[in-house]
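Thank you all for coming; I would like to take a few minutes to walk through one model. Please have the sequence and the coordinates open while I talk.

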Amino acid sequence: MSYFTQNSLLSFLGYPVSLQTFLPLSAPSLHFTMDWQGQKLAEQIMQIMLLVFAVTAFVAGYVLGSFQMMVLVYAGGVTLTGLITIPNWPFFNRHPLNWLDPSEAEKHPKPQVTVSSKKKGFKRTIEPAHRLDPSLPTANLVTLA
Amino acid sequence: MHSFGYRLNGLLTFAVTILALMCAITSLSDNFNTPSPSAEIKIMNINWFQKQPQGHDEVSLTMNVSADLQSLFTWNTKQVFIFVAAEYETRKNSLNQVSLWDAIIPAKEHAKFWIHTSNKYRFVDQGNNLRGKKFNLTLHWHVMPKTGKMFADKIVLTGYSLPEEYR
């Protein structure tokens, strides 16, 4: 498969694709972590699925008059939920954070600590200089007045 | 939920907590069951009635216990423990209870039954008060659940009495 088609297939599956990384065409591996959005999604899916399976299991057990049926349905539900939410599936990594390449970071100076003296005190600002994409959320500036 | 182990732990903890809740609700659902059991005990024969060497009275009797306890079973019932007790009053004790026979009913199919048996446990008095004694036979049952609260109740059958003289 050509590199181009491999890349488009991987981006379709949700793998973060970049020129620098050569990604294996395989199931989720521990090399990939979830991004923040993915973690939130995984937690939400887990909670909702477990609650839905609990209600389903109870109703099934009550209607059938079988305690064993309730436990079996619930156990199956827990296993299914585990299979969906625990491994690092690619669809949990659709909003990856684009960290700056190390060679680029060297081109920008380290954070400056500017000390401007005033009559009543001094003000310190720390500017983040290591993010390339200004649209991504940045940490709050810490200011001591 | 950051890493694999983190998520696994979170899932298992939440799953077990919800399971505990399900068991609690299951036990609460037992309260909606209104049982209507019936029972009958006939004393077929007084086998012997003697005063033991230690001085206490003892009776051996054969009884026929028939009961329909099927309405006690719910989906959350593991088994029903039943026992027959003789209850009577003496000068010394206002209530004497002596267990004569017991059984475990494991399933609803076995809950409608009759049994012809002599008393499994000895009917011994604290003293010599049994001659001519009027007593009740009470059928107690304990509905033991798979999870949660155990229910216990009884049926009191009156009108039984022992012979006036030893045999």
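This is a predicted model: local features need pLDDT of at least 70, side-chain atom pairs count only at pLDDT 80 or more; totals for chains, interfaces and linings use all residues.

The contact between them draws on 7 residues from domain 1 and 10 residues from domain 2, and together the two domains of chain B bury about 720 Å², of which 46% lies on carbon and sulfur atoms. On the domain 1 side, B:Thr26, B:Ser27 and B:Asp30 supply 63% of the area buried against domain 2, which is more than any other three residues supply.

Let me stay with B:Thr26 for a moment, which sits in helix α1, residues 4-29 of chain B. Is B:Thr26 buried or exposed? It counts as buried, because its relative accessibility is 0%. Leaving aside residues up to four places away in sequence, B:Thr26 touches B:Trp75, B:Asn76 and B:Thr147 in its own chain, and A:Phe58, A:Phe67 and A:Met70 in chain A.

Turning to the sheet, 4 strands of chain B form an open, antiparallel arrangement in the order β4-β3-β7-β8. The edge strands are β4 (96-105) and β8 (151-161), each of which pairs on one side only, and neighbouring strands are turned against each other by 20° on average, direction ignored. Strand β3, residues 77-88 of chain B, is joined to β4 by 9 bridges, and within this part of the sheet B:Tyr88 stands opposite B:Asn96 of β4.

In strand β1, residues 38-51 of chain B, we find B:Gln50, which counts as partly exposed because its relative accessibility is 38%. Not counting residues up to four places away in sequence, B:Gln50 touches B:His56, B:Asp57, B:Glu58, B:Tyr166 and B:Arg167. B:Gln50 and B:Val124 lie 74 residues apart in sequence, while their C-alpha atoms are 9.8 Å apart in space.

Finally, for chain A, an unreviewed UniProt entry annotates residues 12-33, 45-65 and 71-92 as "transmembrane region". In the model, residues 45-65 of chain A are 95% helix and 0% strand, with the end C-alpha atoms 29 Å apart, whereas residues 71-92 of chain A are 68% helix and 0% strand, with the end C-alpha atoms 30 Å apart.

Technical notes: Residues are numbered from 1 along each chain as its sequence is written. Chains are lettered from A and ligands numbered from 1 in the order in which they are written. Side-chain values use heavy atoms; hydrogens and water are left out. Two strands pair if DSSP finds at least two bridges between them. Helices (H or I, at least four residues) and strands (E, at least two) are DSSP runs, numbered from the N terminus. Axes are lines fitted to C-alpha atoms, for helices over the stretch in contact, and angles run from 0 to 180 degrees between N-to-C directions. UniProt positions are given in the numbering used here, feature names are shortened, and annotations may be inferred rather than shown by experiment. Buried means under 20% relative accessible area, exposed over 50%, partly exposed in between (1.4 Å probe, protein chains only). Contact means heavy atoms within 4.5 Å. Buried area is the accessible area (1.4 Å probe) that two parts lose on being put together, summed over both.
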